[in-house]
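Colleague: Please show me the model, and then we can go through it by question and answer.

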Amino acid sequence: MFGFLTRKLLKKNAPVVYERASHCVSRKNIDPDALKVLYRLSRLGHTAYLVGGGVRDLLLGRNPKDFDVGTSATPNEVKKAFRNCFLVGRRFRLAHVRFGEKVIETATFRQNSQTVGEIIEHAAEGPFEDNTFGTPETDAYRRDFTVNGLFYDIKTFSVIDWVGGMDDLKKGVIRSIGDPMIRFREDPVRMMRAVKFAARLDFRIERGTEKAIRKLHSCILAASVPRLCEEVFRLFTYGASEKAFRMMWEFGLLGDLLPDLAAFIGRDGGAKSSTWTYLSVLDRYERAMKARGVDVPNGLRAAVLFAAMAKANPGQARDVIGTMSKALKVPKATYFLAVLMLDSVKRLAVPPQKGRRRFVYNRDFQDALDFNRIVARAEGRDEKTLDQWDALSRERCKEQGEDHE
């Protein structure tokens with residue numbers, strides 16, 4: 001009656017435990033500071049698991065960005081165990097165990113503070129309070145997608161699966177934990193997260209989960225604006241923005257968040273829009289910069305997203321970026337950099353001549369040059385003029401004794 005989540009909550013189930021021989025997670029691939037947290041909590045008699053995306057990425061042979069810990073210890077107990085621990089958060093206290101600039105986020109196992117009936121009754125009212133301590137099982141079921149609901153036990157070296165995440169990892173599937181119609185009403189941002197994970201991991205979104213996104217996509221406007229802004233820019237960070245924004249457009253989410261851009265894509269050929277070509281080139285650039293340990297500024301990313309629109313109607317693209325900035329409360333620095341990127345196309349289209357060379361002294365010149373290379377490659381144009389600007393910039397850096405990136 002109430003769907004998968006309800007049945008699971010009403011009936012206790014034993015997890016599937018994958019012993020060390022049946023999975024590829026190795027301690028040598030886990031951050032040593034995360035291991036320190038896990039071992040110390042375990043020695044003190046608490047249950048402590050590596051949880052979430054870190055386990056998922058290790059099972060996929062990837063290098064996790066973060067190593068998060070789930071534990072039966074309360075926040076105060078974690079703080080007592082580590083002098084380098086700081087408690088954060090109001091609605092639900094989290095323990096941040098700091099090692100220099102690194103943070104190992106350590107959270108007490110949670111459960112939904114509402115009953116199943118209350119979840120269903122109030123599903124459309126937005127995110128509900130889930131600040132009640134729970135068990136590993138309840139913590140697993142309150143997570144968003146099955147592939148993010150896996151735990152690694154440092155004591156037995158086993159992977160614990162309450163939600164079928166291992167099977168979905170093998171199948172390459174993003175599946176909601178519980179009824180997606182309920183879960184996406186609880187927190188609409190989960191729809192964008194489904195897109196992000198599918199694009200980043202090159203997985204497909206399970207049919208029921210996708211159907212729910214297509215039906216509930218307009219609920220995304222009920223989410224908090226800062227979270228939406230953060231999630232929009234996270235779609236770029238793994239070098240899979242072309243696939244991510246294509247799904248956003250197909251599911252209707254892009255039309256909710258950036259209606260003018262979505263309308264342009266529809267006029268520009270839809271699935272064959274030139275917007276996807278620009279994003280594809282950006283993805284190659286993102287991966288190259290990531291390999292060098294260089295962060296790509298969000299202003300450059302936003303400019304590439306609107307590059308096709310800018311070529312068709314420069315004034316409209318600039319206005320739409322302004323609309324996006326206001327609607328999503330994009331930081332002013334990001335907005336102004338995006339505008340500079342779009343304006344630089346005309347400036348760098350001609351060779352550097354006297355009176356026009358001062359642009360190389362702009363602190364954002366290198367980003368502008370990179371943006372123009374992305375545009376040139378997306379449009380199939382040669383880069384000889386850009387090479388001249390690059391040579392001039394190198395000459396300036398050499399004169400001033402600066403490194404040229």
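This is a predicted model: local features need pLDDT of at least 70, side-chain atom pairs count only at pLDDT 80 or more; totals for chains, interfaces and linings use all residues.

Modeller: Residues are numbered from 1 along each chain as its sequence is written, and side-chain values use heavy atoms, with hydrogens and water left out.

Colleague: What is the order of the strands in the open sheet?

Modeller: Helices (H or I, at least four residues) and strands (E, at least two) are DSSP runs, numbered from the N terminus. Two strands pair if DSSP finds at least two bridges between them. The open sheet has eight strands with mixed pairing, and their order is β1-β10-β9-β2-β3-β6-β5-β4.

Colleague: Why is one side of β1 and of β4 left without a neighbour in the sheet?

Modeller: β1 and β4 (85-88) stand at the edges of the sheet. One side of each is left without a neighbour because each has a single partner strand.

Colleague: Which residue of β10 is the bridge partner of V16?

Modeller: Strand β1 (residues 16-18) pairs with β10 in the antiparallel sense, over three bridges. On its other pairing, β10 runs antiparallel to strand β9 (residues 150-153), with four bridges joining them. There L150 has D161 as its bridge partner in β10. For V16, the bridge partner in β10 is D161.

Colleague: Are the side chains of strand β10 buried or exposed?

Modeller: In a regular strand the side chains alternate between the two faces of the sheet. In β10 (residues 158-161), S158 and I160 point one way, and V159 and D161 the other way. Buried means under 20% relative accessible area, exposed over 50%, and partly exposed in between (1.4 Å probe, protein chains only). By that rule, all four of S158, V159, I160 and D161 are buried.

Colleague: Which residue in the turn between β9 and β10 has a positive phi?

Modeller: β9 and β10 form a hairpin, with four residues between the two strands. The residue in the turn with a positive phi, of about 60°, is F157.

Colleague: How many disulfides does the model have?

Modeller: A disulfide is a pair of cysteine sulfur atoms within 2.5 Å. C24 is partly exposed, with a relative accessible area of 42%, and C85 is buried at 1%. By the distance rule, the count of disulfides is zero.

Colleague: How many aromatic pairs are there?

Modeller: Rings of Phe, Tyr and Trp (its six-membered ring) pair if their centres lie within 6.5 Å; planes under 30 degrees apart count as stacked, over 60 as edge-to-face and the rest as tilted. Ring pairs link Y49, F109 and F151 into a cluster. The count of aromatic pairs is eleven.

Colleague: What is the angle between the planes of F92 and F133?

Modeller: F92 is buried, at 9% relative accessibility, and F133 is partly exposed, at 41%. The two rings are 5.8 Å apart, centre to centre, and the pair is edge-to-face. The angle between the planes is 85°.

Colleague: Which charged residue sits over the ring of F359?

Modeller: F359 and F365 are both buried. A charge sits over a ring if NZ of Lys or CZ of Arg is within 6 Å of the ring centre and within 35 degrees of the ring normal. The charged end over the ring of F359, 4.5 Å from its centre, belongs to R347.
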